[in-house]
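Hi,

Here is the structure I promised to hand over. Have a look through it first, and then read my notes below.

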Amino acid sequence: MQLISKTYWGGAPMNMRRRPEAYEVENLTLKAPDHREHRGLYWTPKGVAAPKTAVVVMHPRADFTHHYVIPRLVDAGVACLAANTRNPNNDVTTIHEEIILDVASCVSYLKNKRGVRNVVLVGNSGGGALNGFFQAQAKAGKGKRVAKTPGGRRTHLNDAEMIPADGMVYISTHKGEGMIMNEIIDPSVVDEVHPHLTDPAFDMYDERNGYLAPKAFDGSDAKWVQYDHAFVARFRAAQLDRIRRIDAIARAMIAENERAEQLHNDPDFAKLSPDRQREVLRREAFEPVLTIYRTMANIHYVDNHIDPSARDYGSIFSPRPDLMNWKFFAFGRYATPHAWLSTWSGVSSHANQLHDLPQITEPSLFINAGKDQEIFPKTDAIPMFNAMASKDRTYVDFPRARHYFEPEFGAKDAPDVEKVMDVVVPWILDRF
């Protein structure tokens with residue numbers, strides 16, 4: 001069953017379409033302050049031993065080592081450290097309080113080892129929220145940073161060197177992966193273990209609630225829906241209710257581990273039978289994985305009236321979100337309890353742009369793609385820009401561009417990328 005958007009058929013739409021004109025590239029192994037290693041590519045203008053300005057481009061899980069911003073920046077004399085976090089292409093165990101240490105290692109590497117004077121964080125999509133969380137925590141300083149993850153583990157943030165970046169660029173960025181999940185999770189799921197059990201009162205893909213199902217499998221005959229405002233309010237509230245239910249499941253799993261740890265550390269543990277000792281140790285070591293079904297249910301995918309834009313029908317992943325909702329390829333499908341609470345729960349996660357942006361005063365450029373199918377003007381872009389504390393802030397809208405500024409399927413060139421870089425390059429050069 002082929003439901004994936006054409007954008008993804010030819011590979012990752014965020015990848016560059018050409019290499020820089022004259023460049024050198026180094027394969028780096030970086031070490032975060034908690035001693036975890038991660039990898040990156042350092043792209044520099046050929047013959048320029050010590051560029052004064054460099055950007056860091058990262059994403060919580062996607063591979064941005066060949067991101068489309070790199071060629072134009074390198075051509076303009078700006079170095080690019082394009083790095084993966086410690087969890088490339090897999091966020092099952094992603095703890096945001098850990099992966100911002102990977103951002104920290106990139107900034108430290110550029111400043112301390114390569115002599116870069118100005119570091120700008122370029123955040124595309126989920127990279128924007130990652131960078132915002134890092135920058136807010138870096139600026140808070142030691143002793144004032146998040147001390148524990150939402151799951152209760154001690155963080156390394158208050159012991160780590162976290163050098164704030166000098167500037168921030170946000171391109172098609174969202175409010176945070178958890179904030180995205182709050183709006184895409186299907187609230188009609190009745191039982192997390194039996195995902196086919198559905199409460200039709202909260203099913204946005206049920207015709208009785210106003211949905212118009214396309215007849216064409218590829219969604220080519222899809223028509224925009226206009227849901228009743230009362231249904232939308234109930235739907236959004238039910239989404240948060242499901243998030244809270246999953247939070248409770250995750251916390252119960254963590255509590256079971258902690259109870260086993262307490263038994264293990266009890267002085268009377270040695271008095272237990274070998275079988276009981278073995279059971280306690282296994283329960284202490286056990287780390288379950290949550291399966292989060294049906295995470296492609298955002299009202300905005302099929303209703304263009306609540307938050308109007310020039311976007312196409314459907315989600316970034318599929319023109320048939322009603323069916324894609326049942327497929328594996330979606331956001332946050334698997335997560336450990338700690339990863340769910342830290343990354344994918346918008347109720348519990350600390351990575352929230354609306355909390356972080358008011359702490360960031362560095363020059364900030366915010367770029368919105370008007371045809372974005374995951375980030376919407378009134379819901380996401382404008383609230384984030386309004387939350388920015390920077391006095392030097394710029395909002396640029398590209399009303400006909402998609403999420404990754406990718407062209408029509410099959411096109412070799414990406415004119416929207418060039419238009420974006422016509423803004424990004426001079427913005428960086430003028431300031432740094």
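Predicted model: local features only at pLDDT ≥ 70, side-chain atom pairs only at ≥ 80, totals over all residues.

Residues are numbered from 1 along each chain as its sequence is written, and side-chain values use heavy atoms, with hydrogens and water left out.

**The inside**

In soluble globular proteins, nonpolar side chains tend to be buried together. Buried here means under 20% relative accessible area, exposed means over 50%, and partly exposed is in between (1.4 Å probe, protein chains only). A nonpolar core is a set of buried Ala, Val, Leu, Ile, Met, Phe, Trp, Tyr and Cys residues joined through side-chain atoms within 4.5 Å. The largest such core has 72 residues, and Leu-73, Ile-171, Trp-340, Phe-405 and Val-424 have the most contacts inside it. Apart from it lies another core of 42 residues, among them Tyr-42, Met-58, Val-116 and Ala-387.

Which residues does Ile-171 touch, leaving aside neighbours within four places in sequence? Its contacts (heavy atoms within 4.5 Å) include Tyr-68, Val-122, Ile-367, Phe-405 and Val-424.

Val-169 lies in strand 6 (residues 167–171); helices (H or I, at least four residues) and strands (E, at least two) are DSSP runs, numbered from the N terminus. Val-169 is buried, with a relative accessible area of 1%. Not counting residues up to four places away in sequence, Val-169 touches Val-120, Leu-121, Val-122, Gly-123, Leu-365, Val-424 and Trp-427.

Now find helix 8 (residues 337–344): eight of its eight residues are buried, so this helix is largely enclosed by the rest of the structure. Trp-340 is one of these buried residues. Together they pack against helix 2 (96–113), helix 4 (177–184), helix 5 (229–265), strand 7 (290–291) and strand 8 (334–335).

**The charged pairs**

Side chains of opposite charge can pair when their charged atoms come close. A salt bridge is a side-chain nitrogen of Lys or Arg within 4 Å of a carboxyl oxygen of Asp or Glu, and by this rule the count comes to 29. Here are three to look up:

- Arg-244 and Asp-241 meet in a salt bridge (3.3 Å, N to O). Being three residues apart in helix 5, they are separated by about one helical turn.
- Arg-276 and Glu-279 also form a salt bridge (3.3 Å, N to O), and they are three residues apart in helix 6 (residues 274–285).
- Asp-312 and Lys-371 pair at 3.6 Å, N to O. Asp-312 lies in the loop between strand 7 and helix 7, and Lys-371 in the loop between strand 9 (364–369) and helix 10 (377–387), so the pair ties together parts that are 59 residues apart in sequence. Asp-312 is partly exposed at 34% relative accessibility, whereas Lys-371 is buried at 12%.

Salt bridges that share partners also join Glu-256, Arg-276, Glu-279 and Arg-283 into one network.

**The surface**

Finally, look at Phe-328, in the loop between helix 7 (321–324) and strand 8. At 54% relative accessibility, Phe-328 counts as exposed.

Enjoy exploring!
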